[in-house]
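Here's a quick briefing to read with the structure open in your viewer.

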Amino acid sequence: MTTQGTAGTARLTAGRSRSISPENPTGAPGAGGRATEGTGAHAARDLGRGWKVSPSIEISAGATAVLGEIEGPATIRHLWLTTHSKHWRSLVLRITWDDAEVPAIETPVGDFFCSGWGRFAQVSSVPVAVNPHGGFNSYWEMPFRRSARLTLTNIGAEPAVVYFQIDYELDAVDADAGYLHTQFHRSNPLPYREVHPIVTGVRGAGHYVGTYLAWGVNSRGWWGEGELKFHLDGDEEFPTICGTGTEDYFGGAWNFDVPGSGYTTFTTPYLGLPQVIRPDGLYDSQQRFGMYRFHLPDPIRFATDLRVTVQALGWRSGGRYLPLTDDIASTAWWYQAEAGGTPGDELTADALEVC
């Protein structure tokens, strides 16, 4: 069952709700709150079993933790997670559907939740909500037929304490339901006169549902003249869908500039510029931005293949475009029938460093 807003919530089904957390690592019925050891054991020493003994996990540097392994058919309805902001780029989230060889979802955990710069910004969209102070929520519908495996890999240099909860529903999955995929790319810096890849190598039918960009400006002046281009179903040099500018694609206009206020943040159900990191006169010498667009009412459908890019353009003297060499990181979401993933960039500590 798919619900939008409150539509469909009165319908009774045969589904059964389950939840995985450090307090119930298997999600089994009646298995929650039974821990005798965990990160809360010392605080609960006067109260004993059942009193928040295991609310979180610690992932050592270089280690991978299995957040959950679920047998289907089922649909993940909600994923909540929090950890210290210094780990938002050094924890890599991977989700594998139906025992596929390649994860369908592979991205830094912060970028999956539209938080690529390691600093909190409120996000109030339909599929992603980020709340004070670093409460990450995903409402992406994630159906699967046989199995789901969710892991976090710590590629950082120190341990990370992570709190999480995976809420899912055991029920039949519609025959035409696709698997959620992501792809992460970073250009740091983007080579001169090249375009940043957002999606590459996708084959098969599906529909594209979302873009998040963490954009670091390396030059003075306006940076968002570049167009987003969607190459569909055999498009080569020229795309089928071509936007008119970066701020236009994300639902803004005229440089996101409210006269007298400069860059102005906004967060709406489907698009937003929730983060503007301004120069502080010292070490934060460059501007940094975070922006999202979710194609939920307007998915971009493709039949055989998909490629998505964005240009980086500013202005030079004489009213001419200036190709930029900015720091651009992107996360893309789409659904397709294939369970196996299409890898993006290799996720290493050097490649993901926030700078």
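What follows is a short tour of one threonine, the aromatic pairs and one tryptophan.

Keep in mind that this is a predicted model.

- Thr-211 sits in strand 15, which covers residues 206–216.
- Is Thr-211 buried or exposed? With a relative accessible area of 0%, Thr-211 is buried, because anything under 20% gets that label.
- Setting aside neighbours within four places in sequence, Thr-211 is in contact with Ile-198, Tyr-249, Phe-250, Met-291, Tyr-292, Arg-293, Thr-331 and Trp-333.
- One of those residues, Tyr-249, also makes a side-chain to side-chain polar contact with Thr-211, at 2.7 Å.

**Aromatic pairs**

- A pair of aromatic rings is described by the distance of the centres and the angle of the planes.
- Take Phe-112 and Phe-113: their ring centres are 5.1 Å apart and the planes make 80 degrees, so this pair is edge-to-face.
- Both Phe-112 and Phe-113 are buried.
- Tyr-208 and Phe-230 are edge-to-face too, because their planes are at 75 degrees, over the 60 that the label needs, with centres 5.2 Å apart.
- Tyr-208 belongs to strand 15 and Phe-230 to strand 16 (residues 228–232), so this pair ties together parts 22 residues apart in sequence.
- Tyr-208 counts as buried at 0% relative accessibility, and Phe-230 does as well at 2%.

**Cluster and charge**

- Which residues form the one aromatic cluster listed here? They are Trp-88, Phe-112, Phe-113, Phe-136, Trp-140, Tyr-292, Phe-294 and Trp-333.
- Two members of that cluster, Tyr-292 and Trp-333, turn up among the contacts of Thr-211.
- Arg-89 has its charged end over the ring of Trp-117, 6.0 Å from the ring centre.

**Trp-315**

- Trp-315 lies in strand 25, residues 313–316.
- With a relative accessible area of 43%, Trp-315 is partly exposed.
- Not counting residues up to four places away in sequence, Trp-315 touches Trp-222, Glu-225, Arg-320, Tyr-321 and Leu-322.
- The C-alpha atoms of Trp-315 and Arg-220 are separated by 9.7 Å, although the two residues are 95 apart along the chain.

How values were computed: Residues are numbered from 1 along each chain as its sequence is written. This is a predicted model: local features need pLDDT of at least 70, side-chain atom pairs count only at pLDDT 80 or more; totals for chains, interfaces and linings use all residues. Side-chain values use heavy atoms; hydrogens and water are left out. Helices (H or I, at least four residues) and strands (E, at least two) are DSSP runs, numbered from the N terminus. Buried means under 20% relative accessible area, exposed over 50%, partly exposed in between (1.4 Å probe, protein chains only). Contact means heavy atoms within 4.5 Å. A polar contact is a pair of N or O atoms within 3.5 Å; within protein, one must be able to donate a hydrogen and the other to accept it, and residues adjacent in sequence count only if both atoms are side-chain atoms. Rings of Phe, Tyr and Trp (its six-membered ring) pair if their centres lie within 6.5 Å; planes under 30 degrees apart count as stacked, over 60 as edge-to-face and the rest as tilted. A charge sits over a ring if NZ of Lys or CZ of Arg is within 6 Å of the ring centre and within 35 degrees of the ring normal.
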